[in-house]
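User: I have a new model open and want a quick tour. Can you walk me through it?
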Amino acid sequence: MAFVEPVVLRDRGVRLEPLGLAHEAGLRAAAADGELWKLRITSVPEPDQTGAYIEAALKMRAEGHRFPFAVVNDATGEVLGSTSYHDIVPAIQRVEIGWTWYRQSVQRSHVNTTCKLMLLTHAFDTLGCAVVGWRTDNYNFASQKAIERLGAKKDGVIRHHAVRRDGTVRDTVMYSMTAGEWPEARAQLLYLLNKPR
């Protein structure tokens with residue numbers, strides 16, 4: 001049995017379901033909302049590379065390193081983006097959350113906070129993780145701010161760590177949250193989601 005088994009998570013009108021080839025058209029449309037593949041600091045696929053992006057994610061899933069989800073509007077079925085558990089290490093009860101992106105029209109909405117609440121709840125309360133990690137590009141300041149808003153702590157920076165789509169090499173900013181920090185982080189996420197907008 002794999003550490004991360006297929007699961008569908010739902011909350012506040014957002015559904016996380018295992019990513020599959022059936023999501024290709026929806027994922028392509030989500031990436032086109034804002035031409036997100038043009039951002040050098042993200043992993044959003046170019047439209048004609050969406051199928052290959054999904055196939056690569058499914059290969060990593062088969063190898064046990066990544067579990068990709070489609071982010072879906074639960075009422076309409078519209079694909080909003082994608083997110084994943086990755087760098088899954090069952091021996092030390094660790095997963096990371098990443099490969100996350102959303103169509104431009106739902107950015108700065110409740111979608112990201114809701115997804116993170118579902119993923120963290122599943123990781124800590126169902127999988128029994130001891131720690132959940134994140135990593136992001138040193139120039140992706142919006143991502144760093146969003147991760148810190150979740151209550152994650154900055155672990156440090158790995159210098160000259162990964163190649164970007166434009167061929168430059170990024171520094172990677174690492175974050176984590178421990179099981180002991182989760183109850184307070186959950187309370188804060190629920191507060192953010194429940195306060196009047």
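Analyst: Start with helix H3, residues 111-126. At 1.5 Å a residue, its 16 residues should span 22 Å, and its end C-alpha atoms are 21 Å apart, so the two agree. The expected span is 1.5 Å times one less than the number of residues. Helices (H or I, at least four residues) and strands (E, at least two) are DSSP runs, numbered from the N terminus.

User: Before we go on, what kind of model is it, and how are residues numbered?
Analyst: It is a predicted model: local features need pLDDT of at least 70, side-chain atom pairs count only at pLDDT 80 or more, and totals for chains, interfaces and linings use all residues. Residues are numbered from 1 along each chain as its sequence is written, and side-chain values use heavy atoms, with hydrogens and water left out.

User: Back to H3. How many of its 16 residues are buried?
Analyst: 13 of them, so H3 is mostly covered. Buried means under 20% relative accessible area, exposed means over 50%, and partly exposed is in between (1.4 Å probe, protein chains only).

User: What comes just after H3?
Analyst: Gly128, with a positive phi of about 75°.

User: Which residues have a positive phi although they are not glycine?
Analyst: Gln93 has one of about 55°, and His160 has one of about 50°. Gln93 sits in the loop between E4 and E5. His160 lies in strand E7, residues 153-163.

User: Is His160 buried or exposed?
Analyst: Exposed, at 62% relative accessibility. Gln93 is partly exposed at 37%.

User: New topic. How many salt bridges does the structure hold?
Analyst: 13. A salt bridge here is a side-chain nitrogen of Lys or Arg within 4 Å of a carboxyl oxygen of Asp or Glu.

User: What does Asp125 pair with?
Analyst: Arg186, with the closest N and O atoms 2.7 Å apart. That pair links distant parts of the chain: Asp125 is in helix H3 and Arg186 in helix H5 (residues 182-194), 61 residues apart. Asp125 is partly exposed at 42%. Arg186 is also partly exposed, at 27%.

User: And which residues are joined into one network?
Analyst: Arg10, Arg15, Glu17 and Asp74, through salt bridges that share partners.

User: What about Arg103?
Analyst: Arg103 forms a salt bridge with Glu78, and the closest N and O atoms are 3.4 Å apart. Arg103 lies in the loop between strand E5 (94-102) and H3, and Glu78 in the loop between strand E3 (66-73) and strand E4 (79-89), so the pair ties together parts 25 residues apart in sequence.

User: Buried or exposed, that Arg103?
Analyst: Buried, at 9% relative accessibility.

User: Which residue does Lys59 bridge to?
Analyst: Glu63, at 2.6 Å between the closest N and O atoms. Lys59 counts as exposed at 53%, and Glu63 as partly exposed at 41%.

User: Last one. Where does positive charge gather on the surface?
Analyst: In a patch made of Arg108, Lys145, Arg149 and Lys195. Patch residues have over 30% relative accessible area and no salt bridge; like charges are joined within 9 Å, and nonpolar side chains (Val, Leu, Ile, Met, Phe, Trp, Tyr) within 5 Å. Lys145 is in helix H4, residues 141-149. Lys145 is exposed, with a relative accessible area of 64%.

Terms used. Accessible areas come from the Shrake-Rupley method with a 1.4 Å probe; for residues, only the protein chains shown count as cover. Lys and Arg count as positive and Asp and Glu as negative; His and the chain ends are not counted. The place of a charge is taken as NZ of Lys, CZ of Arg, CG of Asp or CD of Glu.
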